[in-house]
Amino acid sequence: MNIVLVSSEVHPFSKTGGLADVASALPLALASLGHTVTVVSPWYESLTRHPFPQFNLDAPHVVDQMGVGQLEEGGVRWVFLSSPLFERDTYYGYWDDAYRFTQFCLAVPHALEGLAIHPDVIHLNDWQTGLLAPILRFGDVPDNQRRAKTVFTIHNLAYQGRWGLRDVLGWTGLPDWTGQPNGLEMNGDANLLKAGVWYADRVTTVSPRYAWEVTTPEGGFGLDGALRTRGVTGILNGIDSSYWNPATDKYLETNYSTLEGKSAARVALCKALELDPSRPTLAMITRLSEQKGLSIFFAALEAIAYDWNIVILGSGDAGAESALHWFGQGRENVYYNNGFVEPLAHRIYAGADAFLMPSLFEPCGLAQMIAMRYGSVPIVRHVGGLLDTVPEEKGYTFSEYSSYALLGAVGRAKAEWGKPAFTNRAIRGMQSDFSWDTAAKQYVTMYAGL
Ligand code: ADP
């Protein structure tokens with residue numbers, strides 16, 4: 001099959017979270033199954049400084065300057081669209097995000113046509129790519145692109161991309177009747193994620209549990225009705241198990257493949273961060289947003305710090321960043337870094353004893369799988385993909401969204417740290433198969449049935 005995956009971020013070129021990991025690992029896994037795979041993503045700096053073959057795009061409704069460049073690696077073609085629209089300090093969070101990604105969506109079919117890529121399936125991801133579903137059906141696009149089937153995958157329903165309906169219909173030239181409740185409209189606005197949900201041939205999300213949660217009023221963010229109407233398939237994400245591999249990880253001083261081997265990484269981390277290695281270390285590597293369970297975490301933080309070394313690598317919410325900064329002041333057992341630091345993330349996954357994810361909701365979550373692969377025992381709230389990936393025999397779990405329930409699980413982990421109950425969990429985690437093989441085959445079966 002000729003498969004195109006469209007994503008607003010893709011590791012190692014751009015990343016704010018798990019979407020970037022998926023957008024590179026899934027294509028590589030599909031290519032290794034013998035399919036022809038292309039990834040299309042924005043390029044967030046000036047492309048002209050790079051030696052890719054490139055051309056300028058001229059396409060209907062694309063009014064901003066848009067360049068197309070490509071490279072080949074790992075059997076996958078990586079296509080980047082560059083534009084002054086994308087050259088900003090961060091990828092998202094601007095008042096005109098809806099406009100920026102509308103321009104991106106309008107450009108994609110013409111970029112593919114310009115590269116003579118004629119896909120069987122175009123796989124869209126999250127709100128930034130949602131408008132492509134109606135654009136491919138009803139927009140001004142080449143026939144070779146219109147014949148592609150579309151899949152829309154929800155990686156996070158909390159971000160939907162809303163803007164005035166008239167503007168979006170005007171920018172895209174989509175017919176007026178697409179701007180209805182039975183279409184891309186929601187509460188009077190255009191909803192770019194809903195455009196994907198409504199008009200893609202198939203809607204999926206990244207874990208079976210989350211696929212159910214999004215169809216409930218509690219987890220549907222206002223779109224549960226639309227999602228019940230369309231139906232959602234849950235396909236559990238994997239992790240790139242050659243990239244996330246403690247036996248070969250280039251960022252680690254000493255590589256390991258058994259729990260015994262991990263002790264060197266533990267000591268190295270404690271030494272580097274000036275922590276006492278005789279205490280257990282609890283880590284978090286996370287975007288700081290309420291989704292990640294910040295309110296129950298902060299309520300429990302003081303009590304956790306009594307027993308554990310705490311290592312947090314995370315940025316996001318400014319209030320949470322400064323709270324963590326001040327909490328760490330003068331405490332020898334607390335390390336906080338608000339950067340986005342790939343090498344440090346690897347060393348933390350390897351050097352921690354336990355890894356905390358007390359999420360309010362969690363579509364899939366990759367960090368807990370990475371932690372398990374590195375022998376760090378996950379402590380998770382049983383919600384979304386955390387429920388699908390962390391059974392109690394591999395981690396410490398709790399259900400209620402409260403700091404009491406969180407402290408209960410953390411307390412059990414502390415009580416069992418160093419004992420077989422704890423180490424057996426770590427060993428079972430390390431033995432788990434989180435590779436993309438299973439998921440890639442499920443996607444292929446789904447593509448083939450469209
Ligand atoms: P989400 O996609 O909701 O942010 P996931 O658990 O699915 O959460 O994926 C998070 C990914 O981002 C993981 O690969 C994690 O290691 C990485 N990550 C998150 N914060 C940081 C950070 N501050 N520095 C380095 N990597 C980070």
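**The ligand and its shell**

Reply: In this predicted model, a backbone N or O atom of Val341 lies 3.1 Å from a nitrogen atom of the ligand, which is a polar contact (a pair of N or O atoms within 3.5 Å). Gly339 also takes part through its backbone, with an N or O atom 2.9 Å from a nitrogen atom of the ligand. Tyr349 uses its side chain instead: an N or O atom there is 2.6 Å from an oxygen atom of the ligand. The ligand has 570 Å² of accessible area on its own (Shrake-Rupley method, 1.4 Å probe), and the protein covers 93% of that area.

The model being predicted, local features need pLDDT of at least 70 and side-chain atom pairs need 80 or more, while totals for chains, interfaces and linings use all residues. Residues are numbered from 1 along each chain, and side-chain values use heavy atoms, without hydrogens or water.

The shell has 22 residues (each with a heavy atom within 4 Å of the ligand). Those that come nearest are Gly18, Asp21, Arg287, Lys292 and Tyr349. By class, 10 residues of the shell are nonpolar, seven polar, with Gly counted here, and five charged.

S13 gives the most, with three residues. Domain 1 (2–238 + 437–448) and domain 2 (262–430), with bounds from an automatic or database assignment, each provide at least three residues of the shell.

Of the residues that line the second largest pocket, the largest share, five, comes from H1. A pocket here is an open set of points on a 1 Å grid where a 1.4 Å probe fits, with protein on both sides within 12 Å along at least five of seven lines; lining residues have an atom within 4 Å of a point. This pocket holds about 310 Å³ of space. Its lining has 19 residues, and His11, Pro12, Ser24, Leu28 and Asp240 lie nearest its centre. By class, 11 of the lining residues are nonpolar, five polar and three charged. His11 and Pro12 are joined by a cis peptide bond, with omega about 5°. Pro12 is placed in the loop between strand S1 (2–6) and H1.

Notes:
A polar contact is a pair of N or O atoms within 3.5 Å; within protein, one must be able to donate a hydrogen and the other to accept it, and residues adjacent in sequence count only if both atoms are side-chain atoms. Helices (H or I, at least four residues) and strands (E, at least two) are DSSP runs, numbered from the N terminus. Grid points are joined across faces, edges and corners, and a volume is the space filled by probe spheres set on the points.
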